[in-house]
Amino acid sequence: MKLKMAEEEDYMSDSFINVQEDIRPGLPMLRQIREAHRKEEKQQEANLKNKRKSLKEEEQERRDIGLKNALGCENKGFALLQKMGYKSGQALGKSGDGIVEPIPLNVKTGKSGIGHEALLKRKAEEKLESYRRKIHMKKEVEERAAEQFRMRLKNKQDEMKLEGDLRRSQRACQQLDTQKNIQVPRETWYWLRLEEETEEEEEEEKEQDEDEYKSEDLSVLEKLQILTSYLREEHLYCIWCGTAYEDKEDLSSNCPGPTSADHD
């Protein structure tokens, strides 16, 4: 047993510590070795990328330096201009109204085709214009809705005012007719309905002929016009003035008119 253990190699010996991993293709590699290779490849890619970026920067710097320097006599085009009488800093043209600086150089660095930037700019402008149109249309819709609401509110207020004037006219008509011992109004709607009227009386009124209820076809404004005319003719009374005049001449002289607008 001791002899067999002696024949076995020591795990702390150089034969185990300094073992060179065989990374030949086709052989399985340890995870640490694969990770080291992957990091090395990424570092090489990053170095190559930085190198390319530096080349572009160098080209840009060389281009900028070249564009900043004025043309010299070694330039054939400039030499021909000098032979024709051109001087540095002078404007081109016979009359000297041409350009002074050379046409600027615009270097295209992207991969898009010619005219692509103009297309993108036009699309952006169209998108902006469409957005402005939508905002304008939305504002117009909101303004129309607000105007319609104001009109409905005004119509409602005008209708309530007409109904109030009609009730005042009916109340005044009933009072003035009673003072003249008129027991029955000329039209049923000239007076306000009595509050103590019973349900049976209401049923009887509903069963009367339609001719007696022609007022149902009249609007509030038409009733008001008819009733105020009756009050002015029969009682010389104006509901908006709140005054019973002595005669027609007094009424025409001191009352502004037969409508509410005349008294505003």
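## The largest cavity

Helix α7 contributes the most to the lining of the largest cavity, giving 3 residues. This is a predicted model, so to speak of local features a pLDDT of at least 70 is needed and side-chain atom pairs count only at pLDDT 80 or more, while totals for chains, interfaces and linings use all residues. Residues are numbered from 1 along each chain as its sequence is written, and side-chain values use heavy atoms, leaving out hydrogens and water.

The largest cavity holds about 40 Å³ of space. Its lining (residues with an atom within 4 Å of a point) is made up of Thr228, Leu231, Arg232, Tyr237, Cys238, Ile239, Trp240 and Pro258. Two or more of these residues come from each of α7 (220-234) and β1 (237-238), helices being DSSP runs of at least four residues and strands of at least two. By class, the lining has 6 nonpolar residues, 1 polar and 1 charged.

## The second largest pocket

Next comes an open site: the second largest pocket, with about 460 Å³ of space (a pocket has protein on both sides within 12 Å along at least five of seven lines). It has 18 lining residues, and Leu71, Tyr86, Val100, Glu101 and Pro102 are the ones nearest its centre. At least two lining residues come from each of α3 (31-68) and α4. The lining divides into 13 nonpolar, 4 polar and 1 charged residues.

## The two ends of α4

Let's look at α4 itself. Where this helix (residues 76-83) starts, a side-chain oxygen of asparagine 75 comes to within 3.1 Å of the backbone nitrogen of glycine 77. After α4 comes glycine 85, with a positive phi near 100°.

## How α5 meets α7

Back to α7, now with a helical partner. Helix α5 (residues 116-179) packs against α7 at an angle of about 30°, and their axes are 9 Å apart. The two helices are therefore roughly parallel to each other (an angle under 35 degrees).

How values were computed
1 Å grid on protein atoms, 1.4 Å probe; cavity = no way out; pocket = protein on both sides within 12 Å on 5 of 7 lines; lining within 4 Å. Points joined across faces, edges and corners; volume = space filled by probe spheres on them. Nonpolar A, V, L, I, M, F, W, Y, C, P; charged D, E, K, R; others polar. Polar contact = N/O pair within 3.5 Å; in protein donor to acceptor, adjacent residues only side chain to side chain. Axes fitted to C-alpha atoms, helices over the stretch in contact; angles between N-to-C directions. Parallel < 35°, antiparallel > 145°, perpendicular 65-115°, else oblique.
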